[in-house]
Amino acid sequence: MRQEWKEMAVLYFLEQRTIPEICEMLEIPGTVCRSRIYRTRMCLKKILGPKYDI
């Protein structure tokens, strides 16, 4: 998994940060943040399989 996706997984899924919080922390636009979260989710689905609902 790419480093930026790992970072998103920690911030969004584990720390339960909001998208605006993540954008501010990482100094990225909202569209980039949402795109990274989507890609992170797809990568996690591939890794974890259908067993987990992400």
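How far is the sulfur of C33 from the closest cysteine sulfur? The sulfur of C33 lies 4.0 Å from that of C23, which is too far for a bond. A disulfide is a pair of cysteine sulfur atoms within 2.5 Å, and a search of the whole structure finds 0 disulfides.

Before going on, a word on the model: it is predicted, so local features need pLDDT of at least 70 and side-chain atom pairs count only at pLDDT 80 or more, while totals for chains, interfaces and linings use all residues. Residues are numbered from 1 along each chain as its sequence is written, and side-chain values use heavy atoms, leaving out hydrogens and water.

Now to burial, where buried means under 20% relative accessible area, exposed over 50%, and partly exposed in between (1.4 Å probe, protein chains only).

| Residue | Relative accessible area | Class |
|---|---|---|
| C23 | 12% | buried |
| C33 | 0% | buried |
| E15 | 42% | partly exposed |

E15 sits in the loop between α1 and α2 (19–26). Its side chain makes a polar contact with the side chain of R17 (3.1 Å); such a contact is a pair of N or O atoms within 3.5 Å, one able to donate a hydrogen and the other to accept it, and residues adjacent in sequence count only if both atoms are side-chain atoms.

C33 also takes part in a helix pair: residues of α1, including W5 and F13, meet residues of α3, among them C33 and L44. Contact here means heavy atoms within 4.5 Å. The axes of α1 (residues 3–14) and α3 (residues 30–48) come within 9 Å and cross at roughly 95°. That makes α1 roughly perpendicular to α3, a label for angles of 65 to 115 degrees.

How values were computed
Axes fitted to C-alpha atoms, helices over the stretch in contact; angles between N-to-C directions. Helix = DSSP H or I, 4+ residues; strand = E, 2+ residues; numbered from the N terminus. Parallel < 35°, antiparallel > 145°, perpendicular 65-115°, else oblique.
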